[in-house]
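Please keep the sequence and the model in view while reading.

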Amino acid sequence: MKTSEPTLVHACCAPCLCAFLDALHEEGHVPTALFHNPNIHPLMEFRRRLKAVQALADRERLPLIAHDGYGLEEFLDAIGAQRARPGRCRACYAMRLEATARVAAERGFPRFTSTLLASPQQDRDALCDLGHAAARRHGVAFDDTDRRHVHDAGVERARRLSLYRQQYCGCIFSEAERYRDTAVELYRGADPHLPHAGPAPKER
Ligand code: SF4
């Protein structure tokens with residue numbers, strides 16, 4: 001999509017934002033990032049990911065709207081009784097895309113998108129359905145361009161810039177899914193929460 005219009009970019013994390021930026025600039029977008037991620041737990045992990053996005057935005061001179069309050073209650077309210085995938089993830093996407101559409105409308109952005117569209121781990125069809133529905137409710141457009149092909153380059157760029165790279169999707173449920181088979185690492189003295197402390201178990 002060739003455009004020179006301002007675009008509000010929901011930034012889920014620094015590596016995915018890295019992946020997005022080159023493509024957005026190449027296509028002529030004028031991006032502003034929004035960090036609204038009540039799904040990231042626990043608090044110190046939330047702060048690490050927020051700080052990484054802030055560091056990237058500073059480096060790239062990218063305008064950033066940062067919702068820096070810890071949103072555990074907002075997340076739990078959003079998912080309600082849906083504690084398992086895929087319902088939990090759908091509610092999580094809806095929460096973040098709705099907030100982004102609302103901010104876009106309030107601040108005069110004609111369109112928004114999300115770096116979640118760069119992640120091969122996320123459900124693209126659900127993101128597109130929910131993004132367009134939120135866009136209709138708020139009278140803006142949702143750019144659903146598939147950017148999964150730039151994901152690995154974004155992670156590599158984040159590594160080169162020494163930006164924090166998370167080890168699990170975000171919520172406390174995904175943290176448990178990620179580490180449930182890693183107790184043996186702790187017994188050996190390694191901390192699997194630290195980035196790249198050892199071989200990563202497969203994403204679930
Ligand atoms: S696994 Fe990821 S997308 Fe799913 S609810 Fe947790 S943070 Fe949200």
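Helices here are DSSP runs of H or I at least four residues long, strands are runs of E of at least two, and both are numbered from the N terminus. With that numbering, H4 is followed by glycine 108, which has a positive phi near 85°. The model is predicted. It contains eight helices and five strands, and 40% of its 204 residues are buried.

**Overall layout**

- Read from the N terminus, the order of elements is β-α-β-α-β-α-α-β-α-β-α-α-α.
- Among contacts in the protein with a separation of 6 or more, 73% are between residues 24 or more positions apart.

**The sheet**

- The five strands make an open sheet with parallel pairing, in the order E3-E2-E1-E4-E5.
- Strand E3 (64–66) and strand E5 (141–142) are at the edges; each has a single partner strand, so one side of each lacks a neighbour in the sheet.
- Strand E2 (residues 30–35) runs parallel to E3 and is joined to it by three bridges. Within this pair, leucine 34 has isoleucine 65 of E3 as its bridge partner.
- Four bridges connect E1 with strand E4 (residues 111–114), again in the parallel sense. Leucine 8 is opposite phenylalanine 112 in E4.
- E4 also runs parallel to E5, through two bridges. There, phenylalanine 112 is opposite phenylalanine 142 in E5.
- As background, strands of a sheet pair through backbone hydrogen bonds, in either a parallel or an antiparallel way.

**Helix H2**

- Helix H2 (residues 43–60) lies across E2 and E3, and its direction is at about 160° to that of E3.
- The 18 residues of H2 span 26 Å from first C-alpha to last, close to the 26 Å expected at 1.5 Å a residue.
- Which residues of H2 are buried? They are Phe46, Arg49, Leu50, Ala52, Val53, Leu56 and Ala57. These residues cover an arc of only 155° around the axis, which places them on the same side of H2.
- In general, an α-helix has 3.6 residues a turn, so residues three or four places apart point the same way.
- The buried residues of H2 pack against helix H1 (14–26), E2 and E3, while Leu43, Met44, Asp58 and Arg59 are exposed on the other side of H2.
- Lysine 51 is in helix H2. Lysine 51 has 15 within 10 Å, so it is partly exposed.
- The C-alpha atoms of lysine 51 and tyrosine 164 are 8.4 Å apart in space, although the two residues are 113 residues apart in sequence.

**Helices H3 and H4**

- The buried residues in H3 are Phe75, Ala78 and Ile79. Viewed down the axis of H3, they fall within an arc of 85°, so they line one face of the helix.
- H4 is included in what covers the buried residues of H3.
- Exposed residues Glu73 and Asp77 sit on the face of H3 that is turned away from its buried side.
- After H3 comes glycine 80, with a positive phi near 55°.
- H4 has 21 residues and reaches 30 Å between its first and last C-alpha, close to the 30 Å expected at 1.5 Å a residue.
- Buried residues of H4 include Arg88, Cys89, Tyr93, Met95, Arg96 and Leu97.

**The nonpolar core**

- In the largest nonpolar core, which has 52 residues, those touching the most other members are Ala11, Ala14, Leu17, Phe20, Ala33, Val53 and Leu56.
- At least two residues of this core come from each of strand E1 (6–10), H1, E2, H2, helix H3 (72–79), helix H4 (87–107), helix H5 (124–138) and E5. H4 contributes the most to this core, with nine residues.
- Leaving out residues up to four places away in sequence, valine 53 touches Ala11, Cys13, Ala14, Leu17, Ala33, Phe35 and Leu64.
- Nonpolar side chains tend to be buried together in soluble globular proteins.

Definitions and conventions:
Residues are numbered from 1 along each chain as its sequence is written. This is a predicted model: local features need pLDDT of at least 70, side-chain atom pairs count only at pLDDT 80 or more; totals for chains, interfaces and linings use all residues. Two strands pair if DSSP finds at least two bridges between them. Two residues are in contact if their C-beta atoms, placed from the backbone, lie within 7 Å. Axes are lines fitted to C-alpha atoms, for helices over the stretch in contact, and angles run from 0 to 180 degrees between N-to-C directions. The expected span of a helix is 1.5 Å times one less than its number of residues. A residue is buried if 20 or more other C-beta atoms lie within 10 Å of its own, exposed if 12 or fewer, and partly exposed in between; C-beta atoms are placed from the backbone. The arc is that of the directions from the helix axis to the C-beta atoms. A nonpolar core is a set of buried Ala, Val, Leu, Ile, Met, Phe, Trp, Tyr and Cys residues joined through C-beta atoms within 7 Å.
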